[in-house]
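Reader: I've got a model on my screen and I'd like to learn how to read it feature by feature. Can you take me through it?

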Amino acid sequence: MLEVPTMASPPVTPQPPAEAVAPLMRGLDVLGRLTDADGTLALADLARVTGLARSTVDRICATLAHLGFVRLDGRDAALAPPLMTVANACLDALRVPGLLGPLADALADELDESVSLAVPDGDDIRFVHQVLRRRALSISFRVGDALPMDGCAPGLVFRDGLELAVDDQLVEPGLVAVAVPVRGPDGSVVCAVSVVSHTSRHGAGELAGAVRGPLEACVRSMESVLGTSSYASGLRPEPRGLSSTKQAPVVSLARGLDVLTAFDAVHPTLTLSEIAEATGLARATARRALITYEHLGHVTHQGRTYRLTPRVLSLGCAPLSRTTLPRIAAPHLADLSKRLGESVGLSVPDGTAVRCTARVTPRRVMSVDIGVGSRLPAADTAAGRLLRDGGELAVADGPEAGLRSVAVPVRDRAGHVVSALDVTAHQGRGDDAAWAAELTGTAERIAADLHVTSRFVSVPVH
Ligand code: PHB
């Protein structure tokens, strides 16, 4: 049984309008099911839970794979980091995470407790920012997760208009939270800030007393940011639109997904003509996609302008956002190891040493044996030298006699080197220049996935 409990109650879906695009609805259903299953499902199970023919599921997944949104791995389909482009469009257009996230981070530092930002989403609330404090006992939701409005502190803020709501283990035994509203310049509630703790640290009432002052100060800062925001004007937009140029197996699905990424912080609302222009789609095509999204609750309109709803985050955001660099890199390491027929891995600095955070080694009689977690002196490996000395390439004879390693950097969004990617093999088996070219290509693909994932969430490097 692969029935995965959904945290939010499923919406009751009435009959779709005649103009809704059926292949787009099916594609969104597949993405939603994969999200509910925490990112991966066997194709056969996807067919079962969607009620679609297996051949239809295969075609939809081939299209999603073509767009880079899904990875097909044997019998499984798994959500892939480029799908975060869709969540990022939504988070960007919502503006709350970009504007208020840094203030939530500062509050978490001040209180040494987890802090989250949530927005209303129909009968649910949806988390759009999370700052976690690592604790032995920690239950936490991810950016993109939803909770029923009537079962959590932010929900009580939105539903009952409370100035301060307390969740005394409503969501989960042991979990306590205090939420307060943040208002926009027009007085409407834009989001709720929550401070989240555990009964082993604070009782609910005690938590409210302890955090009230800093929480209220934080809300005042947030409201002043919302009041004076020139956020959009100072922002350089990300490249817009997806790769609709290459022919996908299900064209109407690929085109429909393009509509979502037309939105961003500079364009939080768009008219039909603007969407058609931004995506290069015919007006009629864009219009039918919008009708489809509106039917499913992903888009709303007021007069002539359309906007995304937070429900767009139900398309992959939560499973893709709680990840690490080694997890992002894993499929790329597997590809590279297969192509080179050698052992490849990632390392991070660890004092004067380097620590291996991921490794893929082909089965061989004589193979390199550097386990994940093992530490080696920086001077003994190419990865260690690269992380110590900088540069674009390092080579080393080592870590043991008879071995040779070549390494290149992996950079974060800011251009800082966060990890080294290496190939390590028996001397004389490969050609440094050819290896360097392969490593560089792979490091770029890993970095691209890291960059799209870490735009609104922090991704640990190990
Ligand atoms: C959270 O995990 O951020 C959270 C959980 C329950 C609440 C509020 C916030 O009531």
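Reader: Let me start with helix α2 (residues 43–50): is it mostly covered or mostly uncovered?

Author: Some ground rules before that. This is a predicted model, in which local features need pLDDT of at least 70 and side-chain atom pairs count only at pLDDT 80 or more, while totals for chains, interfaces and linings use all residues. Residues are numbered from 1 along each chain as its sequence is written, and side-chain values use heavy atoms, with hydrogens and water left out. Now the terms: helices (H or I, at least four residues) and strands (E, at least two) are DSSP runs numbered from the N terminus. Buried means under 20% relative accessible area, exposed over 50%, and partly exposed in between, with a 1.4 Å probe and protein chains only. By that reading α2 is mostly covered, with six of its eight residues buried.

Reader: Which residues of α2 are buried, and what covers them?

Author: The buried ones are L43, D45, L46, A47, V49 and T50. Their cover includes α1 (22–36), β1 (40–42), α3 (54–66), β2 (70–73) and β3 (76–79), where contact means heavy atoms within 4.5 Å.

Reader: How should I read a positive phi on something other than glycine?

Author: As a thing to look at, because most residues other than glycine have a negative phi, and most peptide bonds are trans. Here D112 has a positive phi of about 55° without being a glycine. D112 sits in the loop between α5 (96–111) and β4 (114–121), and is partly exposed at 37% relative accessible area. Another case is Q169, with a positive phi of about 60°, in the loop between β7 (165–168) and β8 (175–183). Q169 is partly exposed too, at 36% relative accessibility.

Reader: And the peptide bond from G398 to P399, is it cis or trans?

Author: It's cis, with omega near 5°. P399 is in the loop between β16 and β17. In that hairpin, which has five residues between the strands, G398 takes a positive phi near 150°.

Reader: What should I look for in the strands themselves?

Author: Start with the pairing: two strands pair if DSSP finds at least two bridges between them. β16 and strand β17 (residues 403–411) pair in the antiparallel sense over four bridges, and A396 stands opposite S405 in β17. Then look at the faces. In a regular strand the side chains alternate between the two faces of the sheet. In β16, A394 and A396 make up the covered face, V395 and D397 the uncovered one.

Reader: What is the strand order in the open sheet of six strands?

Author: It runs β15-β14-β13-β18-β17-β16, with antiparallel pairing. The edges are β15 (375–377) and β16 (394–397), each pairing on one side only. On average, neighbouring strands of this sheet are turned by 35° against each other, direction ignored. For angles, axes are lines fitted to C-alpha atoms, for helices over the stretch in contact, and values run from 0 to 180 degrees between N-to-C directions. Helix α12 (residues 325–340) packs on the sheet and touches β13, β14 and β18 (417–426), its direction making about 145° with that of β13. Strands β13 (residues 343–350) and β14 (residues 353–360) pair over seven bridges in the antiparallel sense, with V354 in β14 as the bridge partner of P349.

Reader: How many aromatic pairs does the structure hold?

Author: One. Rings of Phe, Tyr and Trp (its six-membered ring) pair if their centres lie within 6.5 Å; planes under 30 degrees apart count as stacked, over 60 as edge-to-face and the rest as tilted. F127 and F141 are stacked, at 5.5 Å centre to centre and 15° between the planes. The pair links distant parts of the chain, 14 residues apart: F127 is in strand β5 (residues 124–131), F141 in the loop between β5 and β6 (146–148). F127 is buried at 5% relative accessible area, and F141 is buried at 10%.

Reader: Which residues are closest to the ligand?

Author: Of the 13 that surround it, the closest are S116, Q130, F141, A153 and D167; "near" is a heavy atom within 4 Å. For polar contacts, look for pairs of N or O atoms within 3.5 Å; within protein, one must be able to donate a hydrogen and the other to accept it, and residues adjacent in sequence count only if both atoms are side-chain atoms. A polar side-chain atom of S116 lies 2.6 Å from a ligand oxygen. For D167, a side-chain N or O atom is 2.6 Å from an oxygen atom of the ligand, and for Q130 the distance is 3.3 Å.
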